[in-house]
Every structure is written in C-alpha cells, then in structure tokens.
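Try each task before reading its solution.

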Amino acid sequence: MSNASYIEAVISGKQPLAVYRVNHGWSDTPPNDAIMLAGSFRPLHRAHRTLLETGLSVAGKALTPCFEISVRNVEKPEIATSDLDERVQQFQEPGDIVIVTCAATFLEKARLMPGTTFVIGYDTAVRLFDDRFYTGTDSLTPSLDAMSELRDLGSRFIVGGRHGADGTFNTVRDMFIPPGFEGLLIEIPEEEFSDPISSTQLRSSQTSD
C-alpha cells in the first residue's frame, strides 16, 4: 500500500495503527518494546528528539524509541490525510519509527501497544490525574481508573520538567500523585533535559519571517 493508503486505513478504522520505519517503509506491526513520544509534530524539532533520547537514557533498559501521531486528539481537530503524511515525512533519520493511530488518550495508545513507556512533558503529566480531561464515562474517579488500567498494561511515564513563568523548574516532585501511583511517573532531572523550544514558537517565527 502507499503512504496515503496506510494512513487512510487508520482514519477509516480499517486498522488500529500504521507504522512507518524510515529504513523499511510502512507496515502494521509496531515494536513490542516501545518507548514513545506522542505529539502533533507541527513541526518536528530538536527538542522532540532530545526529549525522547533523554527518556530512553532514563528508562535504564533497552527499548525501541518511536514517535506517535494520533489522527484524533482530545484538545485539537482531527488531522487530514495529506497533512498527516507531510508530518510523517519529516522523519528521515535512519532508524526513525513513526506510529500513526486514532488513539486520542494514553490509555487508548497503551491498549494498542501494551507495555509502552511514554515520554511526556510536565504539563501533560499534570493532566494525567485531572478528571476534567476524561470524558465519556460515568465513573467518579475516571483518571484513577485510567491510570490503574495503564499500570496493569505495563505502561509508565518518563516526565521532562519545565520552567514556570517565575523561572521555577517544575518536575514530578512538584505534582500531587495519588498514593499507589508514584511508581508510574519517573523524573527526568533538570540537568539532563531543559529545552524551552516549542512547536508553537517555531510556527510563530516561520510566520514572521
């Protein structure tokens, strides 16, 4: 199948995911030992790669680094096929692996790929235990239910910190983590990763050029 065919198969629901390996092309077989950085990658930039590389180092074991782009996102509009293909084609380094899914949440991603280690930023980590970001459930504790299932699926989160408006560096230690879930979140020390660049900043600079 062509690039577009694999992507369209995911968008239409004919297959749950598609995997692009720079060295081998498209398939429907993801790595079974993934460490994953999910994002929109609009555009891909150095901090994405650095965060994933640092997360792999902090993980302390052999895992397969990969990037994930979801057609659906809980806070953003659905991505068109042509736009998604352009984003995937940004990944051209030997060994790059990009997984395309319709999994809007980490729980959905983990159900597709049990045991996945996720590399995330501090702001995303805070939302993990915020019930406002969980919809479509009657549970009184939707975030804890989701995190419990993620734990059962063998997933964990490696978290990069960020500088707040006051210059303070916020990391896992500054979060409230419900008892019993502390082992799910692993801190990336500030000295190992502290890159303030963002895709938003890059898009703004490109617009003003």
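The exercises below look at a helix, a loop residue and a pocket.

This is a predicted model, in which local features need pLDDT of at least 70, side-chain atom pairs count only at pLDDT 80 or more, and totals for chains, interfaces and linings use all residues. Residues are numbered from 1 along each chain as its sequence is written, and side-chain values use heavy atoms, with hydrogens and water left out.

**Exercise 1.** Find which residues of α2 are buried.

*Solution.* Start with the helix, a DSSP run of H or I with at least four residues: α2 covers residues 46–59. Next, apply the cut-off for buried, under 20% relative accessible area with a 1.4 Å probe and protein chains only. That gives Ala-47, His-48, Arg-49, Leu-51, Leu-52, Thr-54, Gly-55 and Ala-59. Finally, look just past the helix, where Gly-60 has a positive phi of about 75 degrees.

**Exercise 2.** Work out where Thr-29 lies and what its side chain joins.

*Solution.* Last, the side chains of Thr-29 and Asp-28 are joined by a polar contact of 3.4 Å (a donor and acceptor pair of N or O atoms within 3.5 Å, both in side chains for residues adjacent in sequence).

**Exercise 3.** Decide which element gives the largest share of the lining of the second largest pocket.

*Solution.* Begin with the elements supplying at least two lining residues each: α2 and β4 (64–70). The largest share, four residues, is from α2.

Technical notes:
The expected span of a helix is 1.5 Å times one less than its number of residues. Buried means under 20% relative accessible area, exposed over 50%, partly exposed in between (1.4 Å probe, protein chains only).
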